[in-house]
Amino acid sequence: HFYKRMNVLLGLIQSLLFSPTLSLERPYISNGGWRTYPSDIIATPGPCNIDIRDMTMTQQEFINQYAFTKPVIVRDTNNNDLFRALARKSTLISSYGHTTVTLSSANTHSYDKKAITFSEYCDLHTGPQSINTLGNETFYMFGDNNHDEWSDFLTEYTPPPFTLPRHLPALSFGVAGPGSGVPFHFHGPGFGETVYGRKRWFLTQPGDQPQFHPNKTTLQWFLQDYQKVKKEVFLHECTIRPGEAIYFPDKWWHATLNIDTAVFISTFLSP
C-alpha cells in the first residue's frame, strides 16, 4: 500500500509539473498566427477625429466630401475574408517564405535597402521596435516585393470601391512588429487597410508640416514629440483595425504606428 500511494503521489507531482497550465511560455495574442506579446505593446489606441463611413457612402459623396479635402475611414465596404485567410503567417511562409523581399529603412527618406527572404524577415525583423533604435537602423517590409511572385496572393485582395478620376491602383503589402511604423512623409493619394493587428495613423494637411526628426522612428516621435505637435498643428488621427481602411488625400503628411504585430496593404492611386 505504501508503494502504491508513493506511485500515485509521484504521478500527481509529474502531472502538475508538466501540465500545460503551468507552462513557462509567455502569454501572447495571436491574430492569424502573428504573435504579439502584451509586454511588447507600448502604444495603445488613441483618439479618433476622422470621419468613419460604411458601405452606404456613395462614390459621389466620396468625391465631394473627401477625395481632395480630408481623410476618411471606411469599413464594411469590401469582403476580404479569403485574402485574410491567405495572409495567415503559416500560409504566407509556406507559399512565399523562399521569395526575396526588399526592406527599406524606417526613416523619412528611406535611403537604405536590404534584400532577404520573406522567411528570414519574419524571423529577424518582426519583433518589437526598440525605443533606442533609430530610423536608419530599423528595416521594414512594405511594398518592395516581387509582384509577379506574389501575384496569386495579391489578386485575391479587393480594394475599397472608391476611385479617383483618371487614377489607377497599385498595391503594396507589408508585415511589421509592434511599435514599428513609417515616420512622417507624403506622396500621392491612396488607401491603407489593416489585415491583422491595429495601426495608429497621424496626418496633417499639406500646408501644416508637423515637427519631426527625419531619423526618429514613429515610436520615438510618439513618445517624445506627439503631445507637443498636437498643440502646434491640427493632427488628424485614428486607430484602424482589421477590415478598416483609411483614405489619405494627395500630398498629406502621414505617419503610422503599429500597436500589434501587423499585416497591412495599401492601394496607391496614381494618374
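A salt bridge is taken here to be a side-chain nitrogen of Lys or Arg lying within 4 Å of a carboxyl oxygen of Asp or Glu. The structure is a predicted model, in which local features need pLDDT of at least 70 and side-chain atom pairs count only at pLDDT 80 or more, while totals for chains, interfaces and linings use all residues. Residues are numbered from 1 along each chain as its sequence is written, and side-chain values use heavy atoms, with hydrogens and water left out.

By the salt-bridge rule, the count comes to ten. One of these joins the side chains of Lys230 and Glu237, with 3.5 Å from N to O. Accessibility is described by relative accessible area, computed with a 1.4 Å probe on protein chains only, where buried means under 20%, exposed means over 50%, and partly exposed covers the values in between. Lys230 counts as partly exposed because its relative accessibility is 34%, whereas Glu237, at 3%, counts as buried. Through salt bridges that share partners, Lys230 and Glu237 are joined with Arg200 into one network.

A salt bridge is also formed by Arg53 and Glu61, whose closest N and O atoms are 3.5 Å apart. Arg53 is buried, since its relative accessible area is 17%, while Glu61, with a relative accessibility of 26%, counts as partly exposed. The side chains of Arg84 and Asp81 likewise meet in a salt bridge, at 3.5 Å from N to O. Helices (DSSP runs of H or I, at least four residues) and strands (DSSP runs of E, at least two) are numbered from the N terminus. Arg84 and Asp81 are three residues apart in helix 3 (residues 81-86), so about one helical turn separates them.

Aromatic rings were examined next. A pair of aromatic rings is described by the distance of the centres and the angle of the planes. Rings of Phe, Tyr and Trp (its six-membered ring) pair if their centres lie within 6.5 Å, and planes under 30 degrees apart count as stacked, over 60 as edge-to-face and the rest as tilted. This rule gives a count of 26 aromatic pairs. In the pair of Phe118 and Trp150, the ring centres are 5.2 Å apart and the planes stand at 90°, so the arrangement is edge-to-face. This pair links distant parts of the chain, 32 residues apart, because Phe118 belongs to helix 5 (residues 118-124) and Trp150 to the loop between strand 7 (139-145) and helix 6 (151-154). Both Phe118 and Trp150 are buried. Elsewhere, one aromatic cluster is formed by Phe184, Phe186, Phe202, Phe212, Trp221, Phe222, Tyr226 and Trp253.

Two further residues illustrate polar contacts, defined as pairs of N or O atoms within 3.5 Å; within protein, one atom must be able to donate a hydrogen and the other to accept it, and residues adjacent in sequence count only if both atoms are side-chain atoms. Glu244, found in strand 12 (residues 244-248), counts as buried at 9% relative accessibility, and a polar contact of 2.7 Å joins its side chain to that of Arg75. Thr218, which lies in helix 7 (residues 218-224), is buried with a relative accessible area of 2%, and its side chain reaches the backbone oxygen of Thr256 at 3.1 Å. When residues up to four places away in sequence are not counted, the residues in contact with Thr218 (heavy atoms within 4.5 Å) include Gly181, Phe202 and Thr256.
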